[in-house]
Amino acid sequence: MSFDQDGQKPRQNRFIQFGVPILLIGLSLFVIAADIPSFQVIPGRDSGGFLYIGQQILRGQRLYADLFDDKPPLIYWFNALGLFMASGSAWGVWALEAISLCATTLLAYSLLKRMGGLWPALFALAAFLGNLLQFLLGGNFTEEYALPFQFLILVCVLPGDLKKQLTWQAFLAGAAWGMVFYFKQSIFGIGLAVGAFLLIRGIIERKRGRYWELGLYAAGFLTVVGAVAAYFLAAGTLWNFWDATFLSNFAYIAVKDTSRAALILHTLTQLLTRNAFLAGSLIVWLLLSFCLVIAIFIYVREWRGWPAWLTQKRRFVGFIALGIVLLAVGLTKDLLAGKAFDIGVIQGVTILLGAGSLLFGLAQWPTKLEAWLKTKLLPTLTTQKTILLAIAWLAYLLDIVSISLSGKFFTHYYMIIFPSATILAAILISVLLSFPHSTWSRRITWLCIILAFIPAALLPLARVPLRYHVSQDEQRQTVIEYVETHTQPGDQVLMWGGEPVINFLTNRTRPNRFVFMSQLFLANYANESLPEEMLNDLKATPPKLIIYSRDCDIPFIDYQAGACVPVSSAWDKVFQYIKDNYQPIIDLGPEKWDVYQLK
């Protein structure tokens, strides 16, 4: 190995110290370059709304009071900052996306290299970056900007020396979770998992300093949460903020037409079928869950607190008998009542308890699997790896719940689970590389890792340049050209159906604060004051054009023929006003968006 002239540091180590981070930054830019504004000439639906709101914030409109959407404020403030940086151009927002992804990669590399080693970190991050583009869909999503703060939480809470008491690190980790919270409240997996770790470590070690860590973590979170709330309080829009970001979201996730178990099952199916990286992460998580169950069984069997009369044989028979009874009740309850089988909450709990009891009984005798876990697997796991693995396991479980909350499985939702999946991949590779002792077994292990790495990372990375082209959107391009031709910059244009990207790109404002309009018809949230507000806004500042994008979830004047949601009769006055004051002119584009012009 060659050394620098000072003889202190190998050149190879210097390359790892500086070259690898530069390589990761280059790879991150390589991926995010597919979403530059030159390629994404017309931003996506959500991104266009965030850009429009950011644009109007810079012009003095108040978030939530004058510009209503159900996301927390950071996504809009980031868009406003990006537009300010680039004098109104979307290039500034893309620059923030690039900085965010580079920061994510560097923070993840710092964590994973320390926990699992260089190669596991590189393999996992290559898979992370290669598969991320499939879920970005043009970028500028809340889940995307939350990524670096999720890894920052872990970097702060898991330093190189775990015995060291956390002070400012715990506070900073809590503040990072506060930032995640204000990008999207439902990204709570890593935040809650880290809080659980700090609590459990405090209970186990019973040290005042460890409880202080949890307190500082909570203080950091509450500081960010409180600062943002104080801003809206000072602006006189605290109620608007609460109404938009919490009350409307409570209604949004109030799913009634299907069970939570069915939604979670759908999420698991999607994770297993979307691509190799997420499918692999789910398989690893399930294997880890199985190992965790085995560890609990071993603890229960070896516990010294059993009464003397409850011998090992009696525990074996008792647990198995109880498990069979619980499983029988849970699986046959609906069938005996003459109903179609559907796993409700009570049945689900009964089945889980029955399965657990059955396994507890089977675990009363040691097995070869247990011996293998004790002698082969556990020695490969350091304390740091074990803690990170436990946090990632719990975070992954919570992420599955998060994705399933609303019952709507948009592609970008799955970015929530990427940090946990990346950590599981890195630790799995690290453990696999720790097993082999002979030359041939090590070679076979490397071969298996490389063969798995090809579909999980190399192939997705190789497909990135295929996205280097100008995306075509004939429908929106046609509407944009029509609006620019038939209106002036000072005219109002109401996109009825949630397409504020048209307003952003044409520099035309809207007469009503509901940017996407879906909340106007949201069950358990919409009320009769909203159509009255819409009517007053239309009368106060009549838009020159009303363009209906044919979204059945946002009904228009012909709602009786094609609405997908219930429509209150209070909307009849609004629709009658539009019929009396606007005339249909043309339908535009392949999707036939209807254009109504002020008489």
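Modeller: Cys564 is partly exposed, with a relative accessible area of 46%; buried would be under 20%, exposed over 50%, and partly exposed is in between, for a 1.4 Å probe and protein chains only. This is a predicted model, in which local features need pLDDT of at least 70, side-chain atom pairs count only at pLDDT 80 or more, and totals for chains, interfaces and linings use all residues. Residues are numbered from 1 along each chain as its sequence is written, and side-chain values use heavy atoms, with hydrogens and water left out.

The partner of Cys564 is Cys552: the two form a disulfide with their sulfur atoms 1.9 Å apart, where the limit for a pair of cysteine sulfur atoms is within 2.5 Å. Searching the whole structure gives one disulfide. Cys552 is also partly exposed, at a relative accessible area of 27%. The torsion about the S-S bond of Cys552 and Cys564 is about -95°, so this disulfide is left-handed.

Now the places of the two residues in the chain. Cys552 belongs to the loop between strand 2 (545–548) and helix 22 (559–562), and Cys564 to the loop between helix 22 and helix 23 (571–581), so the pair ties together parts that are 12 residues apart in sequence. Helices (H or I, at least four residues) and strands (E, at least two) are DSSP runs, numbered from the N terminus.

Cys102 is in no disulfide; the nearest cysteine sulfur belongs to Cys156 and is 19 Å away. Cys102 is buried, with a relative accessible area of 12%. Cys448, in contrast, counts as partly exposed at 47% relative accessibility.

A pocket is an open set of points on a 1 Å grid with protein on both sides within 12 Å along at least five of seven lines, and lining residues have an atom within 4 Å of a point; the volume is the space filled by probe spheres set on the points. There are 26 lining residues, and the closest to the pocket centre are Cys291, Leu288, Leu377, Leu381 and Leu389. Two or more lining residues come from each of helix 12 (276–302), helix 15 (368–377), helix 16 (383–404) and helix 17 (418–434). Helix 12 gives the largest share of this lining, nine residues. By residue type, the lining holds 23 nonpolar, one polar and two charged residues; Ala, Val, Leu, Ile, Met, Phe, Trp, Tyr, Cys and Pro count as nonpolar, Asp, Glu, Lys and Arg as charged, and the others as polar.

Conventions:
On a 1 Å grid over the protein atoms alone, a cavity is a set of points where a 1.4 Å probe fits but cannot get out, and a pocket is an open set with protein on both sides within 12 Å along at least five of seven lines; lining residues have an atom within 4 Å of a point.
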